Each structure stands twice: as C-alpha cells, then as structure tokens.
Amino acid sequence: MKINVLTLFPDMFTPLQVSMLGRGLEDGKWDLNLVNFRDFTTDVHHHVDDTPYGGGAGMVLQIMPIKKALDSLPSTGKVIITAPQGKTFNEQVAQKWAKEDELTFICGHYEGFDQRVYELADETVSIGDYVLTGGELPTMSMIDATVRLIPGILGNAASPVEESFSHGLLEYPQYTRPADFEGNKVPEVLTSGNHQKIAEWRHKEALKVTYLHRPDMLKDRQFTDEEKKMLREIKSELD
Ligand code: ADE
C-alpha cells in the first residue's frame with residue numbers, strides 16, 4: 001500500500017517510521033510519501049493561508065497549494081481530509097482502508113481549510129469529539145490503525161483477528177509470569193492446560209469487559225445461545 005500525506009510538517013511523521021511500521025517500510029510492505037504543500041506555493045513568502053472572506057479572526061488554508069500538491073502525485077487513491085467535523089474513524093474504517101492500494105491524507109494545521117478543499121477529498125474523517133491543533137496526529141493514528149492490518153506487518157499474523165473490536169467484543173484479560181505476584185494470582189483456569197475451558201473462560205471474560213465498559217457495543221449483537229447463558233451468569237455474578 002502506498003500512503004501519501006500532504007502536510008506543512010513532514011518532520012512530525014517519525015512515529016510511523018520506527019518499530020513494526022518502520023520495519024514494514026523497510027521491507028516494502030507499505031510506502032510513506034510525505035509532501036509539504038508549502039513547496040507548491042508560487043509567491044515569494046510561500047504563503048499557504050490568507051484571511052477569511054467576510055472577515056473574522058484567524059487564517060484559512062488556501063486551495064491552490066493543496067490542489068497543486070495533489071496534482072503532482074502520479075495517483076492518489078482515496079483522498080482523505082482529517083477534521084473534527086468528519087465522520088468518526090473506527091476499526092471498521094481501518095479494515096476497509098487496509099484493502100486499498102493507495103491512500104492520500106490532507107492535514108490542516110491551526111486553521112481551517114477553504115471550503116473548496118473539502119471538495120478535493122473523497123472522505124472527511126475525525127478521530128473523536130475533541131479538537132487538535134492539526135491533522136498530523138489524527139492522520140498518524142489512522143495510518144497506524146490501517147497499516148497494522150496489512151498482512152505481514154505484525155509479527156504474529158493471527159493477532160489482529162483475535163483482538164478488541166474486530167469481532168465486536170473487547171479483549172479478554174491476558175496474564176504472563178509470575179503466576180503469583182505478591183498474592184495477586186493468575187486465574188486458575190489459565191494454568192490448567194484445559195484448552196476448551198480456557199477458550200470458554202476467555203469468551204465469557206470478553207463478554208464481561210464489554211458489558212461493563214462498552215455496553216453500547218452489545219446493542220445490536222446477535223448473541224449465540226452460549227453467549228446468552230454467559231451473559232445471564234455475568235449479570236448474576238455481578239449482583
Ligand atoms: N484536526 C483537528 N482535530 C481533529 C480531530 N478530532 N480529528 C481529525 N482531525 C482533526
């Protein structure tokens with residue numbers, strides 16, 4: 001997958017170039033192309049923004065350098081703008097994007113875009129109901145969540161399917177050595193060696209964490225008979 005990012009701060013993108021994603025870059029599993037749209041200005045001062053028509057405080061990012069930067073790319077794939085008014089990004093969106101060959105993100109900074117910039121994009125996406133100073137951190141979050149789903153990026157190929165959100169439940173608790181830390185013991189079933197029992201315990205615990213912390217995620221779930229039974233047990237254990 002190729003990912004282009006139009007940004008005024010390409011130096012901010014180092015977090016995507018270390019650890020697992022960094023190794024993926026080195027191995028050619030994905031490609032990151034950082035484009036500073038200030039390089040596409042034509043005035044001597046390299047302005048990318050101007051005062052808003054109609055007056056008011058602040059500055060507005062102009063369309064021209066962004067359009068020129070986009071046009072300079074041989075291809076773009078899906079074009080995405082990160083902004084608080086977009087639809088909220090989630091794991092389903094990451095799964096959909098992970099199947100694309102190419103994505104292009106446009107990051108604003110401090111100020112808003114000229115409304116016509118939004119017309120250059122296929123989607124406007126937010127990472128949540130809070131405002132950041134720029135689109136760089138949201139873009140990095142979305143790229144991380146997307147690229148880690150590309151086969152071969154994570155060491156353990158099975159893990160993205162097992163984890164939170166992918167099957168509609170939060171993740172069950174995990175433990176590792178020591179089995180007893182200052183009297184705080186690992187649940188006995190996990191050291192029993194009984195794989196069937198362990199699988200059942202994990203399934204029930206996943207249901208329990210989801211019920212306790214994100215009941216909204218269970219609202220439209222089609223429960224199996226086994227899950228209905230587990231949920232009844234969970235509720236009575238909590239009483
Ligand atoms: N830019 C500023 N705040 C943002 C947010 N919450 N999501 C996406 N982009 C943003």
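## Terms and model

Helices (H or I, at least four residues) and strands (E, at least two) are DSSP runs, numbered from the N terminus. The model is predicted: local features need pLDDT of at least 70 and side-chain atom pairs count only at pLDDT 80 or more, while totals for chains, interfaces and linings use all residues. Residues are numbered from 1 along each chain as its sequence is written, and side-chain values use heavy atoms, with hydrogens and water left out.

## The sheet

An open sheet is formed by 5 strands in the order S2-S1-S6-S5-S8, with parallel pairing; two strands pair if DSSP finds at least two bridges between them. Strand S2 (31-36) and S8 are the edge strands, each pairing on one side only. From one strand to the next, the twist averages 30°.

S5 and S8 pair in the parallel sense over 5 bridges. Isoleucine 81 has threonine 124, in S8, as its bridge partner.

## The largest pocket

A pocket is an open set of points on a 1 Å grid over the protein atoms alone, where a 1.4 Å probe fits, with protein on both sides within 12 Å along at least five of seven lines; lining residues have an atom within 4 Å of a point. The largest pocket is lined by 22 residues, and Thr82, Ala83, Pro84, Leu132 and Gly134 lie nearest its centre.

Which strands each supply at least two residues of this lining? They are strand S5 (78-88), strand S7 (112-113) and strand S8 (123-126). S5 gives the most, with 4 residues.

How values were computed:
Axes are lines fitted to C-alpha atoms, for helices over the stretch in contact, and angles run from 0 to 180 degrees between N-to-C directions.
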